[in-house]
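Dear colleague,

Here is the model for your files. Please open it next to this note.

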Amino acid sequence: MMRKRLLASAVVSSLALTACGGGGGDTGAKEASSAAPTSAAAEAKGDGTLTIGTLLPQTGSLAFLGPPEFAGVDAAVKEINDAGGVLGKPVTKIDTDSGDTTTNIASQSVDKLLTQKADAIIGAASSSVSESVIDKITGAGVVQFSPANTSDKFTTINDNGLYFRTAPPDKLQGRVLGDLIVADGNDTVGILAMQDSYGSGLADQVTKTAEEAGASVVERVDYDPKAADFSADVAKIKAANPKAVVLIGFEESAKVVAELVKQGLTADKVKWYMVDGNMSNSNYLKMPKGTLAGVKGTIPGAAAPTDFRKKLQAINPKLTSYTYAAESYDATILIALAAEAAKGDSGRSIAAKLPEVSEGGEKCKTFKSCVDLLKTGKDIDYEGVSGPVEFNAAGDPSVATIGVYQYGEDNKYDATKALEYRTGKIEG
């Protein structure tokens with residue numbers, strides 16, 4: 001995976017060298033650069049204005065994740081522009097809807113963003129949606145930076161060195177969840193997972209971890225999230241009589257929960273566990289109080305600090321959760337810092353500098369403090385709100401934290417308070 005990152009840097013270096021016609025002593029290269037230096041330089045550096053597009057859920061099965069993610073991006077853009085912008089100009093932001101895999105909204109949104117010359121696109125939240133548009137985005141030389149993709153597929157996907165994420169891959173969340181289930185005394189487990197790269201990948205890791213710790217996955221059902229009815233799926237789990245049930249899905253999990261209750265597998269009789277895709281503070285509010293009481297779930301990232309939550313509330317006072325807000329904020333800040341470090345706003349320029357501004361230099365925690373260091377020629381190490389955000393060769397965060405949360409009688413979990421955090425190293 002190191003090769004694809006080096007390839008991205010090599011492309012930028014090659015373009016810059018050809019444009020400048022220097023560094024090497026190759027007469028042919030110099031002659032080529034003198035023939036058309038302006039267009040090559042423009043391609044390498046961009047148009048001078050950093051344009052960030054968002055491809056985040058306004059509609060669809062992950063719409064509940066949209067508000068905190070948009071708020072995170074908006075808070076970052078405000079801080080960047082208040083500090084003077086990037087390359088001496090305000091950052092331009094264009095918001096679009098990612099929808100979900102039942103529609104073609106994401107593809108249409110990407111077309112719009114590419115037409116409007118986005119240099120980097122933040123999103124999508126859904127791994128399957130990102131997978132459907134990654135070729136179009138990275139093929140256009142644009143950075144795709146997801147704050148929420150967790151599918152393991154992205155560690156090895158062909159991305160032209162242009163895909164990054166601040167969310168850790170599922171292998172870490174799956175390990176934490178599997179360990180949690182066994183630590184809670186469950187030796188038999190049933191899994192209900194939506195059938196896509198996110199659901200199947202996370203279910204695989206939970207199964208592996210739980211079984212290595214001595215538990216047995218007595219039934220696993222990979223279901224169609226678009227199904228109108230989940231009675232047969234739940235019936236298979238009930239027949240296996242597990243002590244714990246893992247629910248891996250998105251918005252449709254509310255229907256799965258209703259079916260579990262209908263068939264007598266209530267949370268006071270069988271322990272339920274959820275994941276970031278269905279840990280929602282809005283999806284279960286119409287259910288009887290106490291339906292989810294005691295249910296535990298995992299969400300990547302540490303809880304948003306108080307001062308950061310205040311910033312988000314100033315952007316959107318209606319926020320009820322902060323899931324992936326910090327990751328969205330950090331993605332935006334990192335893109336801006338990479339453009340400053342590259343002295344160019346093109347996607348390839350940004351991609352080449354993202355690893356550099358995230359590790360190994362003088363630590364800094366805000367755009368202004370970091371950019372001030374860059375302007376004095378210093379190497380920087382941006383420490384994000386979501387964590388240290390140091391990228392490995394695959395564009396994944398090399399270290400990440402997973403929080404464990406628990407629902408109360410009101411069918412909501414306290415987004416500001418985790419039962420515990422578990423930090424792990426991610427290889428890739």
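This is a predicted model: local features need pLDDT of at least 70, side-chain atom pairs count only at pLDDT 80 or more; totals for chains, interfaces and linings use all residues.

Residues are numbered from 1 along each chain as its sequence is written, and side-chain values use heavy atoms, with hydrogens and water left out.

**Overall**

The protein chain has 14 helices and 14 strands. These are DSSP runs numbered from the N terminus: helices are H or I with at least four residues, strands are E with at least two. Of the 428 residues, 56% count as buried. Buried means under 20% relative accessible area, exposed over 50%, and partly exposed in between (1.4 Å probe, protein chains only). Contact means heavy atoms within 4.5 Å. Among contacts with a separation of 6 or more, 70% come from residues 24 or more positions apart. The chain exposes about 16,700 Å², with carbon and sulfur atoms supplying 52% of it. Those areas come from the Shrake-Rupley method with a 1.4 Å probe.

**Aromatic pairs**

Rings of Phe, Tyr and Trp (its six-membered ring) pair if their centres lie within 6.5 Å; planes under 30 degrees apart count as stacked, over 60 as edge-to-face and the rest as tilted. The count comes to 10 aromatic pairs. Take Phe164 and Phe391: the ring centres are 5.2 Å apart and the planes stand at 70 degrees, so the pair is edge-to-face. Phe164 sits in strand E5 (residues 163-165), Phe391 in the loop between strand E12 (380-382) and strand E13 (399-406), so the pair ties together parts 227 residues apart in sequence. Phe164 is buried at 0% relative accessibility. Phe391 is buried too, at 5%.

Next, Tyr284 and Tyr407. Their ring centres are 6.1 Å apart with planes at 85 degrees, so this pair is also edge-to-face. Tyr284 lies in the loop between strand E9 (271-274) and strand E10 (296-300), and Tyr407 in the loop between E13 and strand E14 (420-425), so parts 123 residues apart in sequence are tied together. Both tyrosines, Tyr284 and Tyr407, are buried. Ring pairs link Tyr284, Tyr405, Tyr407 and Tyr413 into a cluster.

**Helix H11**

Which residues of helix H11 (residues 306-315) are buried? They are Phe308, Arg309 and Leu312. Seen down the axis, they fall within an arc of 100 degrees, so they line one face of H11. The arc is that of the directions from the helix axis to the C-beta atoms. These buried residues pack against helix H4 (66-82) and helix H12 (325-342). The face of H11 turned away from the buried side carries exposed Asp307, Lys310 and Ala314.

Best wishes
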